[in-house]
Amino acid sequence: MMCLAVPAKLVALKETQGVADLHGNRVDISTLLVPEAKVGDWLLVHAGFAIQRLDPQTAQETFAVLKDVEAAANAGGDP
Amino acid sequence: MNVSSIRIDQVLQRLHSAAGAIGRAVSFMEVCGTHTVAAFRSGLHSLMPANVRLLSGPGCPVCVTSQGDIDQLIAAGSLPNVTLCTYGDMLRVTGANGSLEQARSRGADVRVVYSTLDAVRFAADNPQRQVVFAAVGFETTAPASAAAVLEAAHLNVKNFTVLVSHKLIIPAMDALLSSGLVKVDGFLLPGHVSIIIGADAYRPAVKQYGLSCVIAGFEDQHIAAGLARLTEMARDGVRQLENQYYPAVTDAGNRHAQQVISQVFEPGDVTWRGLGTIPGSGLVLRPQYAAFDAAQRFGLPVQEVPEPPGCRCGEVILGHCTPAECKLFGTACTPIRAIGPCMVSSEGTCQAWFKYKRTASANLQAAHVQRPPAQRPATAGQGVDA
């Protein structure tokens with residue numbers, strides 16, 4: 001999905017190159033578009049770029065919903 | 001907005017209550033492929049009141065890309081010594097000479113990347129290859145394309161170029177409304193595009209056209225809540241912009257992203273499927289970054305060609321017809337062997353309709369056939385098919 005962003009937690013950062021924890025996966029992300037990002041922040045990540053900082057509660061709730069969606073998709077056999 | 005603070009049953013109750021009080025049919029349009037898919041997948045359409053319709057507008061990046069741009073992209077991917085990097089969505093879009101996927105099966109080097117920076121890295125690591133990135137999408141993807149150009153310039157990667165067909169959402173809405181092509185009571189606006197451009201970007205159009213607009217997120221509750229609010233606004237005659245995706249979407253948007261976009265790109269006249277050429281509705285590279293223009297480097301002109309015979313994608317993305325009204329839908333055109341881009345894209349209205357709504361439509365048609373017209377309830381079918 002081209003315009004879908006997902007929340008991830010920034011766990012390492014060197015200049016604008018970061019590593020984010022995305023649902024248990026470590027992914028390389030760029031913080032070029034969110035220069036105020038710091039380790040420990042929840043970020044909305046789109047195609048390898050952080051596009052917004054999130055408050056932790058919103059991020060956790062979005063994750064909870066995504067998990068529900070994933071469970072429903074798995075149950076239905078259709079991703 | 002906090003997801004857990006929205007209860008879907010309460011939202012639907014509000015939606016039905018407001019719809020019942022309106023006493024006429026109302027229609028709203030979303031302009032985001034992710035909204036399209038989420039609304040179909042969640043079954044929201046079948047839970048909506050009979051007099052409320054949610055149309056899918058020109059919001060799926062693949063679907064609004066013109067046939068000429070698609071042909072240009074596939075031509076780029078088929079060049080010898082070129083590695084074409086793309087988001088996965090574009091892989092199966094069909095042009096005059098087949099799709100990128102088919103070009104790859106003939107030996108073309110076509111790679112799906114997660115991030116634009118992966119394409120730059122690949123170019124830096126493979127200086128003997130020419131690497132072209134397919135820069136497609138709305139304002140959500142444009143900053144990533146711009147960042148890739150800046151990164152390539154910074155690292156002096158000379159074998160990296162971009163083939164740009166970025167689109168801008170507000171000029172498209174403006175074109176839809178000013179031409180009278182689309183008559184809707186309001187718009188459900190896309191959350192992630194809005195994170196970049198900011199809520200204020202919509203205000204001139206909202207004022208000019210007297211629109212009811214709600215910026216909404218992507219969870220089922222968000223979309224249902226946005227629709228409920230739009231219906232309440234229609235009931236109460238409220239014409240304004242409301243931001244239900246706060247605090248992710250701010251009034252000003254992401255200024256860093258906007259700055260990166262405008263550093264590399266400037267607005268240009270681009271062609272949309274179903275809409276034709278709209279002034280200032282796309283992004284083109286600024287002259288100082290012309291060296292990164294794949295169309296110039298490889299001499300790839302855009303030749304606008306007719307859409308595939310019988311394909312009604314252009315009408316589908318304007319909400320002028322439903323996928324089921326297209327003769328190709330579900331017969332010649334399926335997700336496995338797609339003819340039009342709305343069936344190719346995972347965000348396309350036709351593919352969403354095929355996956356989540358086809359059975360309901362078929363059952364409904366069967367019911368209509370079996371039932372004499374005189375006995376059919378006046379509202380039959382609107383809840384599912386409308």
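Predicted model: local features only at pLDDT ≥ 70, side-chain atom pairs only at ≥ 80, totals over all residues.
Me: Which residues of α17 in chain B are buried?

Reply: Helix α17 of chain B, residues 349–356, is mostly covered too, with 6 of its 8 residues buried. They are B:T349, B:C350, B:Q351, B:A352, B:W353 and B:F354.

Me: Next, the nonpolar core. Which residues have the most contacts inside the largest one?

Reply: The general idea is a set of buried Ala, Val, Leu, Ile, Met, Phe, Trp, Tyr and Cys residues joined through C-beta atoms within 7 Å. Here the largest core has 145 residues, and the ones with the most contacts inside it come from chain A (A:L43, A:F49, A:A50 and A:I51) and from chain B (B:A148, B:L163 and B:F187). Helix α12 of chain B, residues 220–236, gives the most to this core, with 8 residues. The core also draws at least three residues from each of domain 1 and domain 2 of chain B.

Me: What is A:F49 in contact with, beyond its neighbours within four places in sequence?

Reply: Contact means that two C-beta atoms, placed from the backbone, lie within 7 Å. In chain A, A:F49 touches A:I29, A:S30, A:L32 and A:L33; across in chain B, A:F49 meets B:S115, B:P143, B:A144 and B:A147. The chain contact takes 25 residues from chain A and 35 residues from chain B. On the side of chain A, β4 (42–46), β5 (49–54) and α1 (56–76) each give two or more residues, and the largest share, 5 residues, comes from α1(A).

Me: In what order do the strands of the open sheet in chain B run?

Reply: Two strands pair if DSSP finds at least two bridges between them. The 5 strands of this sheet go β2-β1-β9-β10-β11, with parallel pairing. Its edges are β2 (52–56) and β11 (241–243), each pairing on one side only. Inside the sheet, β9 (186–190) and β10 (212–216) are joined by 5 bridges, and B:L189 stands opposite B:I215.

Me: And in which sense do β12 and β13 of chain B pair?

Reply: Antiparallel: β12 (265–272) and β13 (276–285) pair over 7 bridges, with B:V270 partnered to B:I278. Their hairpin has 3 residues between the strands, and B:G274 takes a positive phi near 80°.

Me: Last one: how is chain B divided into domains?

Reply: The bounds come from an automatic or database domain assignment, giving domain 1 (1–310) and domain 2 (313–370). Their centres, over C-alpha atoms, are 21 Å apart. Between them, 29 residues of domain 1 are in contact with 24 residues of domain 2. On the domain 1 side, α2(B) gives the most, with 6 residues.

Note on methods
Residues numbered from 1 in each chain as written. Chains lettered and ligands numbered in written order. Buried ≥ 20, exposed ≤ 12 C-beta atoms within 10 Å, placed from the backbone. Helix = DSSP H or I, 4+ residues; strand = E, 2+ residues; numbered from the N terminus.
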